Amino acid sequence: MYKQKSMAVGSEVSSEVVKYNGQITSFVVLSCMVAATGGIIFGYDIGISGGVSSMEPFLKKFFPEVYTKMIKDTKISNYCKFDSQLLTSFTSSLYVAGLVATFFASPVTRAFGRRPSILVGGAAFLAGAALGGAAYNIYMLIVGRVLLGVGVGFTNQSVPLYLSEMAPSHYRGAFNMGFQFCVGIGVLAANLLNYGTEKIEGGWGWRISLAMAAVPASILTLGTVFLPETPNSLIQHNKDPDKAKQMLQKIRGTHDIQAEFDDLVTANEISKTIKHPFKNILKQKYRPQLVMAVVIPFFQQVTGINVISFYAPILFRTIGFGESASLMSAMVTGVVGLSMTFLSLLIVDKVGRRTIFTIGGVQMFVSQMLVGAIMAAKLGDHGGLSKGYGYLVLILICSYVAGFGLSWGPLGWLIPSEIFPLEIRSAGQSITVAVGFLFTFIVAQMFLEMLCHLKAGTFFFFGGWVAVMTVFVYLFLPETKNVPIETMDRIWKQHWYWRRYVIEEDDTRYLD
């Protein structure tokens, strides 16, 4: 089917591309829009937690020590005012829960399908939102965060898989990026709401911010009830292949889907021979996919983006902005990130993944180095930046967020969701999500302490990682645009480095 050909370092697959019949139908667009709402709940939480943790009434009620340091202690360094393990635990407890939940989500997704896993996630997030909004002590607050984490753990595991399996192969990048686009919508909505609720007299606006997470969670939970299951999952769980075939015809808008259907059936037959996906993913023939499942989410977190997203209001207060100004600045960065993700969505299936990774990586590296340099030279332990330098830092952070919104934001979800063969797909996605949560937790837990001790060097730390990951992608990630998801294994067989690990004898694929 394909012409095998050696590849130069980082070059694109130079073989014939299989094209399936089909088009973008309103049915698949609506289904993916509902599923991608899972991104809104994730983004909303990222944005809301950073905002409320910079609100003085919230800090006074739950974190009085931080409030005292921020308001009354004039001797403490600018970089150390928010250094509290309890405060970071409020943010990061969600990611510990998500890390654990994703390993429960994998067998649910594999055994019952993508839709039930999304439904569990939406319901858990809904419960967490209610508990957070009603919290009257730190324990209720943390338990609510844990429930939110369970919700995010399930949805982040299942939604990207759902989107990649439903989308036509030549538009898969754009459809899958809908998840990150919705994350951006969630972050922006949270920033807008925080900006408004911070002004409510009486100091209870943070309750609205936390409780409003129930809105996207309700849309996701109710919408999932009406979602169709993916053809891949129907084939995996239904003895009658006609139902899966009819669903594939419906979402592709054509009856001529035999080539794609045959590949799905073949992938399912291979999948049935694998009884232990987590054990099998360790085999040498899956080495490239396993490496990407670990390094892509790791790199996505050490870009430092969640530091910006979680703590943007705190960061802007550190450099001298007031409470309202810091929330407004966080809102500006949210708009920039969302706009660039939309641009990436439009061009990813034309330009390709690797080119976008490279452009975004260079932009992020330069921006972080300049922010670090300005803060090192101009921001001391006391006082603030001048107005001009403050706005320059804001512009540079917007440039950084734009680079992330273009590249590592959406592509960090897209690449892992499209590279795994069906037999290890749920396990691979779980590893991806778990690694992401683990390092999100580590970075979130350590950032305020890093800011206190490394000061401006924090930005040099993350900038160094951006340089490493950009080089890694150039050398080791093959181009995946327009490659059908069920025939993705060919890109590893043709890659200059990974082909040495991939076992090419067909009969070995059926060994358990």
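View 1. Of the 512 residues here, 60% count as buried (under 20% relative accessible area, with a 1.4 Å probe and protein chains only). This is a predicted model, so local features need pLDDT of at least 70 and side-chain atom pairs pLDDT 80 or more, while totals for chains, interfaces and linings use all residues. Numbering runs from 1 along each chain as its sequence is written, and side-chain values use heavy atoms, with hydrogens and water left out. The chain has 22 helices and 0 strands (DSSP runs numbered from the N terminus: H or I of at least four residues for helices, E of at least two for strands).

**View 2. The second largest pocket.** About 250 Å³ of space lies in this pocket (on a 1 Å grid over the protein atoms alone, an open set of points where a 1.4 Å probe fits, with protein on both sides within 12 Å along at least five of seven lines; lining residues have an atom within 4 Å of a point; the volume is the space filled by probe spheres set on the points). Among its 13 lining residues, V29, C32, M33, F175 and G178 sit closest to the centre. Helices α1 (26–52) and α7 (172–197) each supply at least two lining residues, and α7 gives the largest share, with 5.

View 3. T341 belongs to helix α16 (residues 323–351). T341 counts as buried because its relative accessibility is 2%. Setting aside neighbours within four places in sequence, T341 is in contact (heavy atoms within 4.5 Å) with M177, Q180, F181, G405 and P410.

Terms used. Buried means under 20% relative accessible area, exposed over 50%, partly exposed in between (1.4 Å probe, protein chains only).
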